[in-house]
Amino acid sequence: MIRTILTDDHKIFMDGLDKLLTVYGGFEVIGKFNDGRSLLNKIDALNPDLLIIDIEMPILGGLEVVKRIRTRNKTTKILVLTMHEEWGYSQEASTAGANGLVNKSTDADLIVEIIHYICEGKNQFPKIPKQRDQSALLSGRELEIIQMLSKGHSNESISNELFISALTVKTHRRNIQKKLSADNSLQMIRIAFEKGLI
Amino acid sequence: MRYKIKEESNWIETPARELNLLSIAPGKYNLNFQFSVDHNTWIAATAIPFQISPPWWSTWYFRITTALALALVGLLLYRGGIKQYRKRNEYLGLINEQQKKLLNAEIEATERERSRIAKELHDGIGTDLASIKFIAEQLNKKTETQEATTIQNQLQRAITDIRGIVYGLAPPGISKYGLSAGLQNYIAKLNEHGLIHIKFDFLGTEVTDTHLNTTIFRIIQELVSNSTRHAKSKNISIHINVFPDYLNIVYTDDGIGFDPALITPGLGLSNIQSRVDSLNGNLDFESGKNGTAYSIDIPLKK
């Protein structure tokens, strides 16, 4: 039996989850709390195998609670169950010391699967998309434009070939020039060349 | 007797013994007399030099004084005018500032209310539905009836709908994680449907000003709505460059475009314009055979 504590300020949800775990079997719910503070007061005494906790709660939010638990308890597996879908929460939960995060609207089968996975000692977070490279100097479109400019294309011909409006070409040119710290088009192309962009 | 008052003039003959010289222009003169009894031989008398002073209004010192006085008055009027002009501009500027403040306050109030509704939908009803779905799933497992499956599926649809509403109401993560992260979330959600494809480029450092981010998010939301609803676009590109002092958004779609002269209020362009104004930004757009393009510059606080 996996000795489990549930913490969520949403009673209906916690009851549903309780029933769900009972139906699936293998879990013993030894405590239910409505806020982080009361959980923190009791968790050491109860010493559960598994904690399933919500993020948005009054008094003390779930992520802060996880952080505090982890300062003294490294063994209890912690699954964050939240309505939030933003990738940032996944990262935060992981940093706080949780073993996994799953969305509340996920199918029950999958939630239980993830719980077992975590209890085996593995971590499970939603796939965080590859961080986009924001440090690149020029975007793909900007590169296309500077390359065409270097081949002597006019704004009009770039506009026609790339199916973009004159305003778009003009704005991209201005942005490229600013990013390359060039005073004029000629200098812009020369710097782009020196930087190996064309 | 004949006389002349200037050497170069012709002699003027007169039978009179008295001379009345009227309306002579100011200047120096020399009065010459000659007398004759037979109009043939003339005997000259001693010339009398005299001077007619110019009237006071045409003296040089009067003219200069007047010119100076006029210049002074002009200068005073001019400076007064400029002052007044400046005051007027200051006043207009104040009104503008005041309007911007009002606009910003209005935007902030709307955003607060939207976040509140979103939070309640998300944390309240969303969680309720998720819990009911748990129960439906258990019911489905036990009974395996068509009805139980239908309940489960419809609950799932309701949850997805609510999530969509929440995403529209409160920019997810935009205040917590920044403009790029928030927009990425939002765009990923829109791309999921497959009805439209949005390409997103973001170059430069993350922007973390909540008010700015929320306003920019609303602008982009409105633009996307224009592209999909009115212009029937399939592809959109959102291209953001963050410079130290401002950021630029190039937004383009491949829709049918619109005639800028025939902008209807429903197009939401005035909404976009006023949001750009509230950030002291600048909006340019062009609509034609290559869809519609917008270029928006927003100054950044240093």
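The model is predicted.

Helix α1 of chain A covers residues 11-24. At 1.5 Å a residue, its 14 residues should span 20 Å. The end C-alpha atoms are 20 Å apart, which agrees with that expectation. Several residues of α1(A) are buried: Phe13(A), Met14(A), Gly16(A), Leu17(A), Asp18(A), Leu20(A) and Leu21(A). Gly25(A) follows α1(A). The phi of Gly25(A) is positive, near 80 degrees.

In chain B, helix α2 (residues 146-169) packs with helix α5 (residues 210-230). Two packed helices are described by the angle between their axes and the distance between the axes. Here the angle is about 120 degrees, and the axes are 10 Å apart. An angle of 65 to 115 degrees would count as roughly perpendicular and one over 145 as roughly antiparallel, so α2(B) is oblique to α5(B). On the α2(B) side, the contact involves Tyr167(B), Gly168(B) and Leu169(B). These meet Phe217(B), Arg218(B) and Gln221(B) in α5(B). By class, the residues of this contact are three nonpolar, two polar and one charged.

Over all chains, the count of aromatic pairs comes to nine. One of them joins Tyr29(B) and Phe50(B). This pair is stacked, at 5.4 Å centre to centre with 20 degrees between the planes. Tyr29(B) lies in strand β3 (residues 27-35) of chain B, and Phe50(B) lies in strand β5 (residues 48-52) of chain B. The pair links distant parts of the chain, 21 residues apart. Tyr29(B) has 9% relative accessibility and therefore counts as buried, the limit being under 20%. Phe50(B), with a relative accessible area of 22%, is partly exposed.

A further pair, Tyr251(B) with Tyr294(B), is edge-to-face. Its centres lie 5.9 Å apart, with 70 degrees between the planes. Tyr251(B) belongs to strand β8 (residues 246-253) of chain B and Tyr294(B) to strand β10 (residues 291-299) of chain B, so the pair ties together parts that are 43 residues apart in sequence. Both tyrosines, Tyr251(B) and Tyr294(B), are buried. Ring pairs also bring in Phe285(B), which forms a cluster with Tyr251(B) and Tyr294(B).

Technical notes. Residues are numbered from 1 along each chain as its sequence is written. Chains are lettered from A and ligands numbered from 1 in the order in which they are written. This is a predicted model: local features need pLDDT of at least 70, side-chain atom pairs count only at pLDDT 80 or more; totals for chains, interfaces and linings use all residues. Side-chain values use heavy atoms; hydrogens and water are left out. Helices (H or I, at least four residues) and strands (E, at least two) are DSSP runs, numbered from the N terminus. The expected span of a helix is 1.5 Å times one less than its number of residues. Buried means under 20% relative accessible area, exposed over 50%, partly exposed in between (1.4 Å probe, protein chains only). Axes are lines fitted to C-alpha atoms, for helices over the stretch in contact, and angles run from 0 to 180 degrees between N-to-C directions. Angles under 35 degrees count as roughly parallel, over 145 as roughly antiparallel, 65 to 115 as roughly perpendicular and the rest as oblique. Contact means heavy atoms within 4.5 Å. Ala, Val, Leu, Ile, Met, Phe, Trp, Tyr, Cys and Pro count as nonpolar, Asp, Glu, Lys and Arg as charged, and the others, Gly among them, as polar. Rings of Phe, Tyr and Trp (its six-membered ring) pair if their centres lie within 6.5 Å; planes under 30 degrees apart count as stacked, over 60 as edge-to-face and the rest as tilted.
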